[in-house]
Every structure is written in C-alpha cells, then in structure tokens.
Amino acid sequence: MEKIIINGQKTLTGTIEISGAKNSAVALIPASILSDEEVIISNVPNITDREALNEILEYLGAEVSFDKGEMKINTKKISNKEIPEEISKKLRASYYFMGALLSKFKKVKMFFPGGCNIGSRPINLHLKGFELLGAKVIQEKNLYIIEADELKGANIYLDIPSVGATVNLMLAASKAQGTTIIENAAKEPEIVNVAIFLNNMGAKIVGAGTSEIKITGVEKLGKCYHEVIPDRIEAGTYLIAGALCGKELVIKNVIPEHLDALISKLKETGTKISIENTQITISKPEKFLPIYIKTLGYPGFPTDLQQPLSTLLTQCEGTSMIEETIWEKRFQNLDYLKKMGANIEYEGNKAIIKGKTELNGSEVEATDLRGGACMVLAGLIAKDKTVINNVDHILRGYDHIIEKLKNVGAEIKAE
Ligand code: EPZ
C-alpha cells in the first residue's frame, strides 16, 4: 500500500474497537527470549512492526506463529546471531533484543535501531545501564558489541525516564545475580505490562509504574500466557477523530485512566465525552476552545498524541500552543497541515496554531507514524480529496486503520 485517499467531511458514528498496544507488544515479543519454554501472547496488534520482530525471531531460530492476534513463541532453540542491519533498522524496538539476548547469552552484537525520524534518539542510557550491570560495550561505527562474564545487580539512575532504557534494563536484570534498582524509571503503562509478563514467566519485579523499579534476579524463566493492554495511542487518535467529526462515536476496549491527560485536554476544548467502564463515547462539539499542551512522560500528555491533536487545534477558535519536550523533530507534520490551510508558526520545540481554519484536501506526506495519523485526521475533516503518501509509516503502528474508519462512515481507501 502506498497511498491513503480520503474524501473528507463525513460524520463518524458507530464503534471502533481498539487493538493491543504497539509499544507494549514490541517489547513483549523480544522479551519472550528470556523464557526457556513456549510463551503465548494474546491481543497482539496486526501491524508491520510486529512482522519485523517476527522476522528477527525466526532469523534467530525461534518457532513463531501468529493467528487472530495470538502469538506463540518458542525460543528454546535460538542461536545468538548478529541480526542483519536491514532487519533491525526497520523499527526502533529492535533495540529490545539487546537486553534480551544479553540476558540469555551474556553477549549480543547489534546495529543501531531504526524507527521514526523524530529526533536524534540516542541509546546512551541503555548502554550505561548495561555497563552498570557488568557488561562491556564496544562500539564499531553503528554496531554495538555488548558482553559480560556475568551480569550483576546494580543501582541504576536514569538521567531521563526513558521508556526504552527502562524496559531494556528490566530485561537485562531479570536473570542477573542479585538485586537491581532502576531509579527515575519511566512509568508508562506499557512498562507495567512488560513487568507483569516477566513476572508471569517467573521474574521478580516490583515497582513498575512508579519511578523506582526493583528487580531481583532469578535463574530461569518459564512458560506463560499474557495479554497485551489496549493501545492508548490508537484509542487517543480515534477519540480525536470523534471530537473532530464524530456523532456518538464509541471507542471500545480502552483503559480510560491511561487516557486521562488527553481526555482532560479534550474536555478543556469543550468536547463532550462519556466514559463507561472500558468504552468512551464522543461527539463533535459546536465549537472548540483553544488549549495549551506540553508533552511529558506518563502520566503527562503523551508525545505520541501531540501530532494527532495538532489537527484538532486548527479547529479551535483562538490561539493554541504546543510545547514538545520529548522529541526535537516532531513538527514535520505541521508543514502539511499548513499546506491544507492551517495557520501555524513553529520554532524550536514550540508551535502556535491559530484557528479556526478550514482545511482543504491536498496531497500530503505521512512524515512518520503519528505525523501520518495527524494527516488522516486532517483528511477526515478537509473539504474534498486528501491523498496521503508514504503510508507505510502509518501501517507500522495502526492495526487495520482503513477498515476501522470505513466501518464508522469515513470515505477512505488504500491504493
Ligand atoms: C518510546 O520510544 C516509544 N517507542 C515512542 O513511541 C515514544 O514516543 C517514546 O517512548 C516516549 O514516550 C517505543 O516504545 C518502541 P524514550 P523510546 O527512550 O523508548 C531521550 C510512537 O510513535 N533518551 O522514552 O525510544 C530521547 O532522546 C513512538 O509510537 C536519551 O537521551 O523513547 C528522548 O528525548 C515514537 N538517551 C527521551 O529520552 C537514551 O538512551 C525519551 O525517549 C534514551 C532516550
């Protein structure tokens, strides 16, 4: 698929069911390496990032199957091979094989990972943590050789509460000797989901979801059955769609408290939202009030919803502001919103959006995963036809996006 074509200004009504969380699944799949037996992961989203991780597991010699969201993984016979760069650079989450293979084999050779072009994305905190656990890290251009005679528990303070480093260090520490404490850990729900998975396999992790995680190393991890939590970013994207053009649009299979920051901001714009257990109903309000958002680690406003929300800010009556504090290049989508008619100025990590402006269908780019979601939302409210190029970015993280939107009344197709 190369393009998504949308004929905008249709009302969305009906139900959208949310899939499993991409950023949880992409950590759980490499984490399965730590088990000496088969693991089963359910509610795995059907996205291309999952396919890439599948490819890596099979390359290493694992037995893997994927059927209706259920992934069975047996890594008993895997060998510790260098993962070819053309596979590892397909996605960011390939870096979780560093922690997982280091834990299993005490040695790993891996290239710098890929992922969306949204900033410099260093992995120094991951490497520093591995070193504190007793590993030696050698860097040859973009190849990393990480090796340890033995991994030993340590106190690790993260300069930044990095999601990737927190998960990678939980993986590396799960079978290390003694106790590891990760301080200033990231608190995202996906981290809790990974810790529960590891504990189900026999690990001893407490404190996930707080800024201090304690891991007591164990010798062996075994089989388990585990479910991926609902994708809060996918849910958030469709909530924004509902605010923009929904009439009692129901977003089903969500954990509402994972979306507190977005819901509170949507309410500030004047959007009416009703929450009942695991579903949220949302409709377009008569008008939107302008808002200020600042991206932060969980439970702050998620950077991954900043780009989708920018479409809505073009519809607010007055001046809205975005302050992006996590990624320095996460405004590339704004140029395309401007092409569609938005009034936006941005510099450094701040953007000012003045509204309300009509958006006109245009030919635009999915600059990255969430930038692509921003364009889909813009296409849904724009006059006439919007053509989005480079949609592979979108398919990396949104399960059946075309079908889900079509089912609730959008005129959208892939070409
Ligand atoms: C995860 O990326 C997500 N990716 C990202 O989702 C998300 O935007 C991000 O967390 C923040 O929530 C996955 O889970 C696969 P970080 P990650 O390490 O782990 C700096 C999406 O759209 N940093 O928490 O790579 C870094 O530069 C994506 O789904 C260091 O300086 O993010 C950034 O400013 C894109 N050194 C901040 O920390 C390090 O060693 C947070 O990054 C690591 C990170």
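Mentor: A residue counts as near a molecule if one of its heavy atoms lies within 4 Å of it. The model is predicted, with local features needing pLDDT of at least 70, side-chain atom pairs counting only at pLDDT 80 or more, and totals for chains, interfaces and linings using all residues. Residues are numbered from 1 along each chain as its sequence is written, and side-chain values use heavy atoms, with hydrogens and water left out.

The ligand is surrounded by 23 residues, of which Asn124, Leu125, Ser162, Asp304 and Ile326 are the closest. This shell comprises 11 nonpolar, six polar and six charged residues; Ala, Val, Leu, Ile, Met, Phe, Trp, Tyr, Cys and Pro count as nonpolar, Asp, Glu, Lys and Arg as charged, and the others, Gly among them, as polar.

At least two shell residues come from each of helix 1 (22-31), helix 5 (124-132), helix 6 (163-173), helix 10 (303-313) and helix 12 (369-381). Helices here are DSSP runs of H or I with at least four residues, numbered from the N terminus.

In the side chain of Asn124, an N or O atom is 2.7 Å from a nitrogen atom of the ligand. An oxygen atom of the ligand lies 2.7 Å from a backbone N or O atom of Leu125, and a polar side-chain atom of Arg330 is 2.9 Å from an oxygen atom of the ligand. The protein buries 91% of the 830 Å² that the ligand exposes when taken alone, with areas from the Shrake-Rupley method and a 1.4 Å probe.

How values were computed
Polar contact = N/O pair within 3.5 Å; in protein donor to acceptor, adjacent residues only side chain to side chain.
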